[in-house]
Amino acid sequence: MSRLKPRSTLSRIVARCVALPALALALGAGGPGAGGAQAAPVTLRLADSFPAGHYIADKVTKWFMQQVTERTQGAVKFEYYPAEQLGKAKDMLTLVGNGVADIAYVAPSFTTDKLPLSGVAELPLGFATSCEGTKAFYQIAAEGGIVAQRELAPNNVRLLFTLVLPPYQVFLRGPNLKSIADVKGLKIRTSGKAKELAVQALGAVPIQIATPDVYQALSRGTIDGMLFPYSSIYSYDLQDLTKSASLGANFGSFIVMYAISERKWRTLAPDVQAILRSIGKEATERGCRISQEQEHADQERLKAKGVSEIALGEADRAMVAKEMAGIGKVWARDLDGRGKPGTAVLDAFEKALH
């Protein structure tokens, strides 16, 4: 889809909103498998910030939409607004809240003021793969989980599907990464409180930047490097700006959540809700498998391109493990002090990992 002009996009949405109550009532009265008359189809507006060609958008988000439309026999359709066409990545939660979007990609890293507890899966904890982190986070963020109850519900959204990316590595625009000591004093891009703490523990300077803005910051030298997964380097066209990277470390992760507004959810028929739950869980499982495959493939591509991939030595691994080990407790204490159940959420996530 080509980029839409903000004014024309919003005008279309306002016009469509006039028809939404009738559509909601129609779907509530009928729906797939209902005994009454055929319901009018509902069109859900789904927005995200992933660029064209990003593997999550292409292989997970589009798959989710296709499966929902097929399994509801066309009763649910989608209008898809990728690449920040409806708004910036940091504003996606607001767009869902005010009805501009019905479903949106919400990143806790970009909304730490409203979703601080959700950042638990971004901590450098005891998981080595995307699927380990994803399954644990889904358990606490889906219906009935502590994050769903204590944070998503108060923000009037509920999780449809999620993905915790593989553990982040250090990527530098220069070829000078030989040991972890080389990171000290550098300006390193982060996202969210968890990775900010990780960068500080390495003696570097954390710079909070949303993912779509990393290319410009790296090309201009605003940052010396970033915490990033291998699986997203090509998606954001960073391969020519990266000269060296760590390998096999865990400096935290990143959470992708697609959430639906609670208000919109309640207009949907129960059988449609059941289909969304089922496909959301399938998309979660599918996404982590694809993410792991993409991580390995892009790691090999970068290596073939000449990027120096540095496996940390024994001393560095011990130092990193020691520094990262305390970050979870610092994160939890900070939230506890703000009247939020940081320790309870951390305990729940670590329990879900095992």
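**Figure 1. Salt bridges in the predicted model.** The model contains 14 salt bridges, a salt bridge being a side-chain nitrogen of Lys or Arg within 4 Å of a carboxyl oxygen of Asp or Glu. This is a predicted model, in which local features need pLDDT of at least 70, side-chain atom pairs count only at pLDDT 80 or more, and totals for chains, interfaces and linings use all residues. Residues are numbered from 1 along each chain as its sequence is written, and side-chain values use heavy atoms, with hydrogens and water left out.

**Figure 2. Close-up of Asp58 and Lys62.** A salt bridge links the two side chains, with 3.2 Å from N to O. Asp58 and Lys62 are 4 residues apart in helix α3 (residues 55-71), about one helical turn; helices are DSSP runs (H or I, at least four residues), numbered from the N terminus. Asp58 is partly exposed at 35% relative accessible area, and Lys62 is partly exposed at 40%. Buried means under 20% relative accessible area, exposed over 50%, and partly exposed in between (1.4 Å probe, protein chains only).

**Figure 3. Close-up of Glu143 and Arg277.** The closest N and O atoms of this salt bridge are 2.5 Å apart. Glu143 sits in the loop between α5 (130-141) and α6 (146-152) and Arg277 in helix α10 (residues 270-305), so the pair ties together parts 134 residues apart in sequence. Glu143 is partly exposed at 48% relative accessibility, as is Arg277 at 36%.

**Figure 4. Close-up of Asp298 and Arg301.** Their salt bridge has its closest N and O atoms 3.2 Å apart. Both residues belong to helix α10, 3 residues apart. Asp298 is buried, with 1% relative accessibility, whereas Arg301 is partly exposed at 42%.

Technical notes
Helices (H or I, at least four residues) and strands (E, at least two) are DSSP runs, numbered from the N terminus.
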